[in-house]
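Let's take a walk through this model together, one side chain at a time.

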Amino acid sequence: MLSGVRMQPLRSGGSPLTPGSRAGLGAALGLLAIVSAAELADGRPVHYVALMVATPFLAAALASWPVVLGVGAVATFTGAGFALAEPEMSLVTGVNVAGIALATAVAAGVAAVRQRQAEQIAQLSKLATVAQQAVLRPFGPQVGSLAVAARYISSTATAEIGGDLYEAMDTPYGVRMIIGDVRGKGLDAVRLASIVLGSYRHVAYERSDLRAVVTDLDRAVARNVGDEDFVTAALVEERGGTLTIVNCGHPPPLLLRRGAVIPLEPPAPAPPLGFMPVVRPRVERLEPGDRLLLFTDGLGEARRDGEFFPTADRAWRLLGHGTVADGLASLETALVEWVHGRLDDDIALVLMEYTGSHGPTPAAVPSWEVGAAEA
């Protein structure tokens with residue numbers, strides 16, 4: 001978009017023009033040179049001066065308003081020079097030169113409005129990014145005994161803001177992670193995502209049972225949404241090599257093990273947070289080298305020409321190499337290439353790797369049995 005060219009403040013020792021201004025100046029001066037050459041080659045009387053009216057508007061598409069004024073002034077003086085070179089300047093030629101001056105004033109105004117809008121968009125984009133980063137705190141590369149990386153892929157280039165959420169924490173009950181997706185977009189979705197994450201960051205340390213964590217999160221969502229709003233979520237706990245997953249209407253995580261990709265479907269479906277989900281945990285015993293991919297439904301919905309991105313088929317080749325951060329980078333690159341850079345929804349990705357327990361570890365107890373074991 002032309003309005004996406006961002007105007008930067010001048011920097012000492014650098015070029016006085018932004019890339020956009022240089023492009024607009026070059027295009028306008030090129031057009032002016034072509035018209036002038038045609039005029040010189042044609043000879044008298046003046047035939048092509050009227051075409052110079054386009055030069056300030058061409059500059060206004062990319063350049064700042066001072067550059068547009070400069071280009072317009074050059075075009076006006078050039079047109080006036082051709083007009084004065086005539087033995088007897090005609091009324092039409094005089095009107096054409098005056099038209100160049102008027103076009104310069106109009107184009108400078110257009111450039112000023114465009115520049116102001118571009119600066120406002122850039123500021124809003126910056127604020128949106130700050131808001132998103134305040135909600136999604138960075139974590140990794142190590143959380144407890146797990147190597148963990150996260151990535152947020154925005155569907156729009158203007159503002160990295162949406163309702164996808166994730167978190168990973170080392171708690172007294174093991175490493176706990178959540179990934180979720182708020183229905184909707186924009187600031188309302190970010191507000192609800194921040195509520196969910198704020199509640200999770202508290203109750204994940206307080207509740208020994210993941211089902212109790214789900215209950216608390218469901219109450220937090222129900223207090224802050226309308227009748228049709230909800231949050232899908234998957235909660236994961238790793239403790240002593242035992243993986244426990246509860247799923248509230250969210251895409252199932254993918255377990256990558258020895259070249260195979262295993263969707264970890266829940267034992268029974270449960271509705272999203274906000275609809276009083278009753279979850280049944282799924283328990284898996286991890287092996288050293290296992291990787292687990294958590295993702296939001298934007299990944300499952302990514303498609304080109306009606307064909308969905310083959311996540312399960314390509315997951316091991318993309319995610320099974322290097323570090324977990326390398327794996328997510330490969331997945332993002334392949335995904336963006338698949339959709340030709342056009343995503344319909346934001347995507348949150350979390351990839352963890354289990355490297356094995358270190359040192360003596362108590363017998364693994366699923367999270368919902370911790371209270372009973374202690375009793």
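Is arginine 151 buried, partly exposed or exposed? Arginine 151 is partly exposed, with a relative accessible area of 30%; here buried means under 20% relative accessible area, exposed means over 50%, and partly exposed is in between, using a 1.4 Å probe and protein chains only. Before going on, a word on the ground rules: this is a predicted model, so local features need pLDDT of at least 70 and side-chain atom pairs count only at pLDDT 80 or more, while totals for chains, interfaces and linings use all residues. Residues are numbered from 1 along each chain as its sequence is written, and side-chain values use heavy atoms, with hydrogens and water left out.

Back to arginine 151, then. Its partner is glutamate 332, and the two form a salt bridge whose closest N and O atoms are 2.2 Å apart. That pair ties together distant parts of the chain: glutamate 332 sits in helix H9 (residues 324-338) and arginine 151 in strand S2 (residues 146-153), 181 residues apart. Helices (H or I, at least four residues) and strands (E, at least two) are DSSP runs, numbered from the N terminus. As for the salt bridge, the term covers a side-chain nitrogen of Lys or Arg within 4 Å of a carboxyl oxygen of Asp or Glu, and by this rule the count comes to 11. Another one brings together the side chains of arginine 211 and aspartate 209, at 3.3 Å from N to O. Here arginine 211 is partly exposed at 33% relative accessible area, whereas aspartate 209 is buried at 16%.

Arginine 257 has a salt bridge to glutamate 287, with the closest N and O atoms 3.9 Å apart. Again distant parts of the chain are linked: arginine 257 is in S7 (residues 254-257), and glutamate 287 is in the loop between strand S9 (282-285) and strand S10 (291-295), 30 residues apart. Salt bridges with shared partners join Arg257, Arg258, Glu287 and Asp290 into one network. With a relative accessible area of 14%, arginine 257 is buried, while glutamate 287 is partly exposed at 28%.

What else does the side chain of arginine 257 meet with a polar contact? The side chain of aspartate 290, at 2.6 Å. (A polar contact is a pair of N or O atoms within 3.5 Å; within protein, one must be able to donate a hydrogen and the other to accept it, and residues adjacent in sequence count only if both atoms are side-chain atoms.) A polar atom of the arginine 257 side chain also lies 2.9 Å from the backbone oxygen of arginine 285. Not counting residues up to four places away in sequence, arginine 257 touches Arg285, Leu286, Glu287, Asp290 and Trp316, where contact means heavy atoms within 4.5 Å.

Finally, look at how H9 packs. Helix H8 (residues 311-319) meets H9 at an angle of about 135 degrees, with axes 8 Å apart. Residues making the contact include Arg314 and Leu318 of H8, and Leu328 and Trp338 of H9.

Methods: Axes are lines fitted to C-alpha atoms, for helices over the stretch in contact, and angles run from 0 to 180 degrees between N-to-C directions.
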